[in-house]
Amino acid sequence: MTEQTAAPTRRGFFRRNLSVLVTAAVLTVVATAAGVTWSSRHAALGEQEAQINDVEGHLAGIRKKNAEQVNADVMAALGVSQNRLSTDGERIRSLLSMAFTWDSGQSYEAARERLKSRFGLTENETFLKSFMPSSKFNEDSQGRRYYYIDTVGLNSALGADPDIEVVDVKAGIYTYAALADVEVTSDAVTQNKSSKASVTAHRRALLFVTVDAQGKVSNLSGVPASGETRYSG
């Protein structure tokens with residue numbers, strides 16, 4: 001076939017398939033445009049989501065700041081000093097650590113003595129008489145003491161940071177409620193080798209304590225600890 005006869009043939013082909021070719025071209029343009037549009041919308045949505053997250057984070061920060069300010073304003077209106085809350089809180093945490101950290105009859109008695117010395121407590125204090133009484137013991141002819149705590153192998157440890165809240169303020173005298181987590185374990189089973197079982201008791205103790213402007217602790221009282229006892233083998 002010559003070039004002269006091929007040209008009319010191509011023109012005839014284009015005329016016969018013109019509508020198909022136009023449709024294909026249009027679809028190509030539409031598909032390209034749709035792809036570009038989808039990509040643009042996807043990018044725009046991503047930017048919008050990022051902006052929304054930024055705004056939500058900003059608003060959360062504002063809400064937290066406002067809540068803290070409201071709390072500070074309420075405390076100030078009640079005559080509560082933030083410095084006092086801080087210093088008294090450290091003092092109460094020290095008291096709780098002394099009271100609930102011991103691992104023998106001797107260390108329990110030492111903890112009671114430290115409480116009396118550090119915080120000016122006496123044996124007549126309700127707390128020392130009912131909440132943390134002197135440990136029972138037997139004494140032999142040589143004066144050696146055998147504590148009940150050691151017989152049952154009790155150990156005590158203060159758990160996570162206690163919750164301390166001021167509940168009353170009067171002329172520089174602050175009264176606090178302190179909720180402490182205490183873990184009590186027994187190792188007597190291991191010592192006696194009578195069983196592989198061990199016991200762990202988790203208790204929550206509620207204490208009330210008053211602290212004056214000079215840091216003196218008074219009116220210390222406690223609510224019996226409650227919680228669960230876990231047995232493991």
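Student: Why does V223 count as partly exposed rather than buried or exposed?

Tutor: This is a predicted model, and the values are computed from it. V223 has a relative accessibility of 36%. Buried means under 20% and exposed means over 50%, with partly exposed in between. The value for V223 is 36%, so V223 counts as partly exposed.

Student: Where is V223 found?

Tutor: V223 is in strand β7, which covers residues 217-232.

Student: What makes the nonpolar surface patch of about 220 Å²?

Tutor: The patch is made by V167, F208 and V223. A residue of a patch needs over 30% relative accessible area. V223, at 36%, is therefore over that cut-off.

Student: Why is A171 called exposed?

Tutor: A171 has a relative accessibility of 85%. The cut-off for exposed is over 50%, so A171 counts as exposed. A171 sits in the loop between β4 (163-170) and β5.

Student: What is the phi of A171?

Tutor: A171 has a positive phi of about 50 degrees, although A171 is not a glycine.

Student: How do you know that N219 is exposed?

Tutor: The relative accessible area of N219 is 57%. Exposed means over 50%, so N219 is exposed. N219 lies in strand β7. N219 is not a glycine, yet has a positive phi of about 50 degrees.

Student: Is Y147 buried or exposed, and what makes it so?

Tutor: Y147 has a relative accessibility of 9%. Buried means under 20%, so Y147 counts as buried. Y147 belongs to strand β2, residues 145-147.

Student: How many residues lie between Y147 and S104 along the chain, and what separates their C-alpha atoms?

Tutor: Y147 and S104 are 43 residues apart along the chain, and their C-alpha atoms are separated by 8.1 Å.

Student: What is the volume of the largest pocket, and which residues are closest to its centre?

Tutor: The volume of the largest pocket is about 510 Å³. Of the 19 residues that line the largest pocket, W102, Y108, F131, M132 and P133 are the closest to its centre.

Student: How many residues of the lining of the largest pocket are nonpolar, polar and charged?

Tutor: The lining of the largest pocket has 13 nonpolar residues, 4 polar residues and 2 charged residues.

How values were computed:
Residues numbered from 1 in each chain as written. Predicted model: local features only at pLDDT ≥ 70, side-chain atom pairs only at ≥ 80, totals over all residues. Heavy atoms only, no water. 1 Å grid on protein atoms, 1.4 Å probe; cavity = no way out; pocket = protein on both sides within 12 Å on 5 of 7 lines; lining within 4 Å. Points joined across faces, edges and corners; volume = space filled by probe spheres on them. Nonpolar A, V, L, I, M, F, W, Y, C, P; charged D, E, K, R; others polar. Patch = residues over 30% accessible without salt bridge, like charges linked within 9 Å, V, L, I, M, F, W, Y side chains within 5 Å. Areas by Shrake-Rupley, 256 points an atom, 1.4 Å probe, with all protein chains shown as cover. Salt bridge = Lys/Arg side-chain N within 4 Å of Asp/Glu carboxyl O. Helix = DSSP H or I, 4+ residues; strand = E, 2+ residues; numbered from the N terminus. Buried < 20%, exposed > 50% of the residue type's maximum accessible area, 1.4 Å probe, protein only.
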